[in-house]
Amino acid sequence: MCGIIGAFGVKNAVELVIPGLTSLQHRGQESWGVLSYEGKDGERFHSHRARGFVGSEAETLSRVKGPVAIGHVRYGTSGGNNLRNAQPFFGETRFGGIGIAHNGNLINTEEIRDFHLQSGSIYQSTSDTEVFLHLLSQSKKETLRECLADSLQKVKGSFSLVVLTEGGTLIGVRDPRGFRPLSLAKKDGCYLLASETCVWNEIGAEFVREIEPGEMVVVTPHSLESSFPFKKEKHANCIFEQIYFARPDSLIDDLLVSSSRYRIGKILAKEAPVEADFVSPVPESGVASAEGFAKVSGLRLKRGLIRKRSYNARTFIQPSEALREDGARRKYCPDPGILSGKRVVFVDDSIVRGTTFRLLVEMAREAGATEVHLRIASPPFSHHCIYGIDTPSDEELLASKMDIEEIRKYLNADSLAFISLEGLHRAVGENNFPECSHFCNACFTGKYPVL
Ligand code: AMP
């Protein structure tokens, strides 16, 4: 779970990269960083890496200068949360300086790292991303592009990358299964790359197309060369990007995310109807699905819960259940004026540990709701993700140890239903599921496309 961006700017590229990163903030809030290339003379590369939310201090803008830059927001799935693991990573190689920013998660990092460490290499971080730089610098191929392609064939897992080279060329790559997104745009005649299309509105760029799974693009300000250096694999786009992770106004894998969520809600209402007085979304992630649910069920859509704007921290990764509960309690306010004496259906994107809903059901009852029904816009989340979505271990996932009735009792809800796997795939345009699919759904099925 990270966001990446690469840009050429008319003056300083970082003036596009930093606002772009703020649009990707939902993809990572642990740390952020930018790396620019100024030109052959002087220091050539400039960088800034910091913990927490993206900042736009004048000092960073003026110091990280140059016509081309890459940036990263991190939500760590590999390696600890310290500044050492903040990206972009940078190294000096026989091709000169190279910077890299990665979204995804590699599953054979330890093997590769151990091999390097045993042969005397020095690693500066504990992040999986650093193995790319080592593999690239040790490849025996001739050109930088060949070395990059060669090194990428040695890793297993998911990667969307932006790479900044000596001389100021940008390279964008998406792994052959296409787990994580990557999109291409143009501004002032120059190419740009970013994880999600929501960036383009923010910086006034024009969306060109998505980078295809297995594609590598080599971009100078006005030229683009595309190649497919990997063995062809069955595509496995992450279905959880559509359900929860991506911003609703982004287009990913040819689907507008908010429309996918709306269709999920419509199918959920058909699959699991309920008698109630109104539907309420759990903001923000349940909003589009709740709208779809309301449309098909004919129930009114009302906001029974308010999400406090001031509450910015992520409850999900708090280290203890008590802290997570406390966080969820501070994040939402039930509205008694809407809930009192009523039967409510809450729609949210997913149940992971169940912390959020256990508390919301209790709070809704305290606010006077007479019945609380839950409808979930994903199937039971039973397997942890190894391709870059930060999820707890299988033992902590409610759906790995309880059936639906047990979960309902645990959450103290009057009824509970999840969208079916087949219904979810239909909502993302796959009427022929399970015969064929281009999505990874391992979090619901345990069928991991690459191990
Ligand atoms: P839980 O309270 O553990 O059941 O978590 C479910 C809530 O966390 C849902 O409301 C989701 O919107 C949100 N969520 C789901 N997956 C993730 C994730 N990987 N990281 C952060 N939040 C998530």
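Colleague: Which strand does Arg-174 lie in?
Modeller: Arg-174 belongs to strand E8, residues 170-174. Helices (H or I, at least four residues) and strands (E, at least two) are DSSP runs, numbered from the N terminus. The model is predicted: local features need pLDDT of at least 70, side-chain atom pairs count only at pLDDT 80 or more, and totals for chains, interfaces and linings use all residues. Residues are numbered from 1 along each chain as its sequence is written, and side-chain values use heavy atoms, with hydrogens and water left out.

Colleague: Is Arg-174 buried or exposed?
Modeller: Arg-174 is buried, at a relative accessible area of 1%. Buried means under 20% relative accessible area, exposed over 50%, and partly exposed in between, with a 1.4 Å probe and protein chains only.

Colleague: What lies 2.7 Å from a polar atom of its side chain?
Modeller: The backbone oxygen of Arg-180 lies 2.7 Å from a polar atom of the Arg-174 side chain. A polar contact is a pair of N or O atoms within 3.5 Å; within protein, one must be able to donate a hydrogen and the other to accept it, and residues adjacent in sequence count only if both atoms are side-chain atoms.

Colleague: And Arg-300, buried or exposed?
Modeller: Arg-300 counts as exposed, with 57% relative accessibility. Arg-300 lies in strand E18, residues 300-301.

Colleague: What does Arg-300 touch?
Modeller: Leaving aside residues up to four places away in sequence, Arg-300 touches Phe-278 and Val-279; contact means heavy atoms within 4.5 Å. From C-alpha to C-alpha, Arg-300 is 12 Å from Arg-343 in space, and the two are 43 residues apart in sequence.

Colleague: On to the helices. At what angle do H4 and H5 pack?
Modeller: Helix H4 (residues 130-138) and helix H5 (residues 144-152) pack at about 125 degrees, with their axes 8 Å apart. Axes are lines fitted to C-alpha atoms, for helices over the stretch in contact, and angles run from 0 to 180 degrees between N-to-C directions. H4 and H5 are therefore oblique to each other. Angles under 35 degrees count as roughly parallel, over 145 as roughly antiparallel, 65 to 115 as roughly perpendicular and the rest as oblique.

Colleague: Which residues make that contact?
Modeller: Phe-132, Leu-135 and Leu-136 of H4 meet Leu-144, Cys-147, Leu-148, Ser-151 and Leu-152 of H5. By class, the contact of H4 with H5 has 7 nonpolar, 1 polar and no charged residues. Ala, Val, Leu, Ile, Met, Phe, Trp, Tyr, Cys and Pro count as nonpolar, Asp, Glu, Lys and Arg as charged, and the others, Gly among them, as polar.

Colleague: How do H10 and H12 cross?
Modeller: The axes of H10 (residues 321-331) and H12 (residues 355-366) come within 9 Å and cross at roughly 45 degrees. That makes H10 oblique to H12.

Colleague: Which residues meet there?
Modeller: Glu-321, Arg-324, Glu-325, Ala-328 and Arg-329 in H10 meet Thr-355, Leu-359, Glu-362, Met-363 and Glu-366 in H12. The residues of this contact divide into 3 nonpolar, 1 polar and 6 charged.

Colleague: Last topic: which residue caps the N-terminal end of H14?
Modeller: Asp-403 caps the N-terminal end of helix H14 (residues 404-411), with a side-chain oxygen 3.2 Å from the backbone nitrogen of Glu-405.

Colleague: What follows H14?
Modeller: Asn-412 follows H14, and its phi is positive, near 60 degrees.
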